[in-house]
Amino acid sequence: MFRGVYEHQIDAKGRTSLPAKLRETLVGAYDERLIVTTALDPCLHAYPVREWEALETALARRNPMEPGVKTLMRLYVASAQECPLDKLGRLLIPPSLRAYAKLEKEVVWAGMVKVIELWSQEGWAKAQEDARQEATSQDVLRVLGELRQP
């Protein structure tokens, strides 16, 4: 499971280091490949290949003409690119994905259980602020209550 928040830099070529804790989880449970795509929020999602393939298989079972499915495929699947780690543990983020998430110099990696989010620092700060405002919403409290049930 991916967890934790880590700040790193991205170089002029678009490479950024996968934080050691996230890399340990990736290599220990999967392999050194990530599928990176645009998220519905202004960030990127990085999936281990096996998790990505499970998502694609689930999507393939759905009717592609269903409005939500079609939109998800256009925004999420069509943008996906395999980004293997190099020997130094760096990931090359393609220019189109960097532009979508506005990744320039500083990036934030956030572990989200089965997926890793990659944000600009400003985007992450805004997402945290939004999440804190929603922290007491009925949806959040309902999910928390469900998780605490034995």
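Contact here means heavy atoms within 4.5 Å. The model is predicted.

Q: Among contacts between residues at least 6 apart in sequence, what percentage join residues at least 24 apart?
A: The protein has six helices and eight strands. Along the sequence they follow the pattern β-β-α-β-β-α-α-β-β-α-β-β-α-α. Among contacts between residues at least 6 apart, the share that joins residues at least 24 apart is 59%.

Q: What radius of gyration does the protein have?
A: The C-alpha trace spans about 45 × 35 × 30 Å along its principal axes. A compact globule with 150 residues would have a radius of gyration near 15 Å, and the protein agrees with that, at 16 Å.

Q: Which residues touch the most other members of the largest nonpolar core?
A: In soluble globular proteins, nonpolar side chains tend to be buried together. Here 33% of the 150 residues count as buried, and the largest nonpolar core holds 20 residues. At least two residues of this core come from each of α1 (20–29), β3 (33–38), β4 (44–48), α4 (95–101), β7 (106–112) and β8 (115–120). The members that touch the most others are Leu18, Val36, Leu44, Leu91, Ile93, Leu103 and Trp109.

Q: Leaving aside neighbours within four places in sequence, which residues is Leu18 in contact with?
A: Leu18 is among the members of the largest nonpolar core that touch the most others. With neighbours within four places in sequence left aside, the contacts of Leu18 are Arg23, Leu26, Leu34, Leu85, Gly89, Trp109 and Ile116.

Q: How far apart do the centres of the positive and negative side chains lie?
A: The protein exposes about 9500 Å², of which carbon and sulfur atoms supply 54%. Its charged side chains comprise 21 positive and 21 negative ones. The distance between the centres of these two sets is 3 Å.

Q: Is Lys102 buried or exposed?
A: Most residues other than glycine have a negative phi. Lys102 has a positive phi, near 55 degrees, and lies in the loop between α4 and β7. Exposed means over 50% relative accessible area. Because its relative accessible area is 61%, Lys102 is exposed.

Q: Where is Val113 found, and what is its relative accessible area?
A: Val113 is another residue other than glycine with a positive phi, near 75 degrees. Val113 sits in the loop between β7 and β8.

How values were computed
Residues are numbered from 1 along each chain as its sequence is written. This is a predicted model: local features need pLDDT of at least 70, side-chain atom pairs count only at pLDDT 80 or more; totals for chains, interfaces and linings use all residues. Side-chain values use heavy atoms; hydrogens and water are left out. A nonpolar core is a set of buried Ala, Val, Leu, Ile, Met, Phe, Trp, Tyr and Cys residues joined through side-chain atoms within 4.5 Å. Buried means under 20% relative accessible area, exposed over 50%, partly exposed in between (1.4 Å probe, protein chains only). Helices (H or I, at least four residues) and strands (E, at least two) are DSSP runs, numbered from the N terminus. The radius of gyration is taken over C-alpha atoms; the globule rule is 2.2 Å times the number of residues to the power 0.38. Accessible areas come from the Shrake-Rupley method with a 1.4 Å probe; for residues, only the protein chains shown count as cover. Lys and Arg count as positive and Asp and Glu as negative; His and the chain ends are not counted. The place of a charge is taken as NZ of Lys, CZ of Arg, CG of Asp or CD of Glu.
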